[in-house]
Amino acid sequence: MLDTLRSVVRFGPVETDPVRRRLARAASVEDLRRLARRRLPRGCFDYIDGGAEDERTLAANEAAFASTTFRPRVLRGLSGIDVSSTVLGRAAAFPLVLAPTGFTRIADPDGELAVARAAGRAGVPYTLSTLATRSIEEVRAVSDGRLWFQVYAWRDRGLVAEMVQRAAAQRYEALVLTVDTAVFGRRERDVRRGFSLPPTIGPSTVVDGMLHPGWTLALLRSEPIRFANVVGREVGDGSSPVTLADYINSQFDPALSWADVEWLRTVWGGKVVLKGIQTVEDAVLAADAGVDAVVLSNHGGRQLDGAPATLPLVAPVADAVGGRTEIICDGGVRRGSDIVKALAAGADACMAGRAYLYALGAAGEAGVDTLLGWWHDDVRRTMALLGVGTVAELDRSLLDGSPGEG
Ligand SMILES: Cc1cc2nc3c(=O)[nH]c(=O)nc-3n(C[C@H](O)[C@H](O)[C@H](O)COP(=O)(O)O)c2cc1C
């Protein structure tokens, strides 16, 4: 009996670092989400996790990946798997771009700096949001990696032109114009909690703050959270708490049109990406306008509830514009196998937002490193199990319901 016991009992070294201990217990994005939920005050978690109205589009994005199945091929004699790809004409370690997310510092004090560093290490582009809590310059100062900058149509176009110049001066390679935010979506979790940016610690949230002392202390110790790209500007930099709905509805121009896309080209010489395309018709117009990529996106279900899930749009859009403009599928990506599904349907890359915010909220920068490592491995493993050696070989014959189905 002692021999048997000896053969099964193993005491590994005890992990003393709390972040590494937390990460060691996580194996999936859902685990990171649960950890983030525990660490962040509910208002902050819900701001990240939630969507518009009944959250049907949010759920539909994930459900579309869940209901898409593969047609794996076997005995293909593959000797190696290469997951590298190109996005906007330049190399990426695997076909992923980190999506822009405003107010990233509510997940972790390092916020956008942590995410940009992790993306650079993983070899994938990172998109900095207009509403970031670290500036265009601060992010470039910590990362030599591929950076894209996301713009909204501020009513003050002079402000847009100025931001664009700053992005060019800092070697951002692409401008991502978000076009699905004519007005702000109704995010009911935020409405119920009276959630403002920056989050306030008042009578209603003080208990929440006390229940999350690590987060609260980190917030109090770090510099004030601001819309870092517009600090000191007339538009307001968030130094006094404001609901995002009030801010966006007063500052962003609902009259944005294709003429503005043309205007953008006059102030920006780099790549132009349109984020928030949700129909084949608009994808065709975007290709006609000569944009370098379209991001099929419903803002992660945070804008129009009832908008279509994005994965099912990929194939029809690829049929209509494939080859004329790159296609990036955004929304609902929770695993590397989801990236492979979107590529097999015809996308060139995926974007993801919440997954890295959960990782950041769960374990800071190390959490984002861990997530990107998992996804890199997931893509490789999924391709190996599908019998595919390179990203270029991913096609619809690998998806169930494809024309190849006998
Ligand atoms: C907390 C949060 C903030 C966001 N902020 C922005 C933003 O500032 N600009 C933008 O274009 N999209 C923003 N998005 C949308 C993301 O860029 C992306 O479209 C979305 O997260 C994709 O869905 P996923 O979270 O399921 O990956 C935000 C998303 C989240 C979750």
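Modeller: Start with the lining of the largest cavity: 17 nonpolar, 13 polar and six charged residues. This is a predicted model: local features need pLDDT of at least 70, side-chain atom pairs count only at pLDDT 80 or more, and totals for chains, interfaces and linings use all residues. Residues are numbered from 1 along each chain as its sequence is written, and side-chain values use heavy atoms, with hydrogens and water left out.

Colleague: What makes a residue nonpolar, polar or charged here?

Modeller: Ala, Val, Leu, Ile, Met, Phe, Trp, Tyr, Cys and Pro count as nonpolar; Asp, Glu, Lys and Arg count as charged; the others, Gly among them, count as polar.

Colleague: Why is the space called a cavity, and not a pocket?

Modeller: The grid has 1 Å spacing and covers the protein atoms alone. A cavity is a set of points where a 1.4 Å probe fits but cannot get out. A pocket is an open set with protein on both sides within 12 Å along at least five of seven lines. Lining residues have an atom within 4 Å of a point. By this rule there are four cavities of 30 Å³ or more. The largest cavity has a volume of about 480 Å³. Of its 36 lining residues, the closest to the centre are Pro100, Thr101, Gly102, His299 and Arg302.

Colleague: What takes up the space of the largest cavity?

Modeller: The ligand does. A molecule sits in a cavity if more than half of its atoms lie within 2 Å of the grid points.

Colleague: Which residues count as surrounding the ligand, and how many are there?

Modeller: The test is a heavy atom within 4 Å of the molecule. 23 residues surround the ligand, and the closest are Pro100, Ser129, Thr178, Asp330 and Gly332. The shell divides into seven nonpolar, 11 polar and five charged residues.

Colleague: How much of the ligand is buried?

Modeller: Taken alone, the ligand exposes 600 Å², and the protein buries 98% of that. The areas come from the Shrake-Rupley method with a 1.4 Å probe.

Colleague: What is the volume of the largest pocket?

Modeller: About 420 Å³. Of its 24 lining residues, the closest to the centre are Val179, Asp180, Thr181, Leu256 and Gly276.

How values were computed:
Points joined across faces, edges and corners; volume = space filled by probe spheres on them.
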